[in-house]
Amino acid sequence: MNKHTPLQPSEGRSEGAPSVSFVSLGCPKALVDSERIITRLRAEGYALSREHTGADVVVVNTCGFLDSAKAESLAAIGDAIKENGRVIVTGCMGAEPDAIRSAHPSVLAVTGPQQYEQVMVAVHEAVPPKHDPFLDLVPEQGIKLTPRHYAYLKISEGCNNRCTFCIIPRLRGDLVSRPAAEVLREAERLVVAGVKELLVISQDTSAYGVDMKYAESRWRGRDVRAKFFDLSNELGSLGAWVRLHYVYPYPHVDEVIPLMAEGKVLPYLDIPFQHGSPAVLKRMKRPAAQEKTLGRIARWREMCPDLAIRSTFIVGFPGETDAEFEELLAFLEEAQLDRVGCFKYEPVRGAPANDLGGAVPQDVMDERHKCFMEAQQKISAKRLKRKVGRREKVIVDAVEGGAIRGRTRGDAPEIDGVVHLSARRPVKVGEIVTALIERADAYDLHGQVVGF
């Protein structure tokens, strides 16, 4: 999810306060990093500028996962230099300072991902803070770049997996989990501030706590283990929707399905399966027993019939044969996943997959991508049609004139489908309503608000 994140200027800016323009690129995990930096900036009296022009300095939080993302990051840095001239670079591509300085030698500083202190030092050097404690107030939950009604909750940094197509461990290091009490206190502050939906993210959510041996920490007068199930269970007690993203298909994931059936956690799993061929999964260094995976999906749906499963896949991975692609299509047909994204394989500098050989020609990759998406579109349309005539809880994301757009419990913001609604009374953004689903198309639903 690469995007420029436009920031609104902060209210209560004191006269002469130094201003920072901020660009956030990359995934939700990078967005949380941006939120943390911006919270620090506001706490120290910096104002946020909508435009690069006129700001005292520009901070660009980069993405460095794919070469295309690096190109986008370099372009964003170039735009900031052109429009302002004083630029600080941070984020995943900051792990490659030579590449950044080679393209843009005039940048003031380059820092890597999660290096919040170094970013602040660079900002201080570029433009010292001018703090006004009576005006520069930061809300307890920090500054958020998402709409008020949902927020990303990052529970760990880094990753212990060594997928051959990925360089995240090199950029962000091995898994480092946050204590459960720390995560829960942040979640509690968000809910008190009006957040209705918590989107739990990390590089590998289901591995949460393994690095700290599931250590307990004190929250609300009791000890809570830093474990996937325990954290999900406690988050489910806060009264907000809890959505689990980036879940690696470990066996203990089975334990959270009853929480979904009970309504404590949303019946939604975001699991990047990546492929359906055991041979390709082995080359990727991903779990390769697709028969067991299909069996577990069937059991999950027996326990929680409303479960929505989203996933991502890669076509054209080095060495992928016609037969292996057919295995992927067969997996897709058997799994009947609700929401699916598909990416054409793109080499990542420094990834072990580059040494595998057997590059798939671009025209073959394009044809496989087209075939995959056509197959999944039929599956998605069929699964959405099952919702027609049902009443679904919907969280409202946008109200524009008479048009209302929201999401069911089975849809995450920005990556999944939406529900287009009509209503007889005014509806507010962030409100959770009951909708009668009247029709479905390939990716979205349409309905009428019947309850509040």
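**Hairpin, barrel, helix pair**

I began at the hairpin of E16 and E17, where 2 residues lie between the strands and glycine 401 takes a positive phi near 65 degrees. Strands (E, at least two residues) and helices (H or I, at least four) are DSSP runs, numbered from the N terminus. This is a predicted model, in which local features need pLDDT of at least 70 and side-chain atom pairs pLDDT 80 or more, while totals for chains, interfaces and linings use all residues. Residues are numbered from 1 along each chain as its sequence is written, and side-chain values use heavy atoms, with hydrogens and water left out.

I then followed the pairing, which requires at least two DSSP bridges between two strands. E16 and E17 run antiparallel, joined by 6 bridges; isoleucine 395 has arginine 407 in E17 as its bridge partner. E17 (residues 403-408) pairs with E18 (residues 419-422) over 3 bridges, in the antiparallel sense, and glycine 406 stands opposite valine 419 in E18. On E16 (residues 391-400) I also found antiparallel pairing with E19 (residues 432-440), over 5 bridges. There glutamate 392 has alanine 435 in E19 as its bridge partner.

What do the 5 strands form? They form a closed barrel, E16-E17-E18-E20-E19, with mixed pairing.

Last, I checked H11 (residues 322-335) against H12 (residues 362-385): they pack at about 10 degrees, axes 10 Å apart. Axes are lines fitted to C-alpha atoms over the stretch in contact, and angles run from 0 to 180 degrees between N-to-C directions. H11 and H12 are therefore roughly parallel (angles under 35 degrees).

How values were computed
Parallel < 35°, antiparallel > 145°, perpendicular 65-115°, else oblique.
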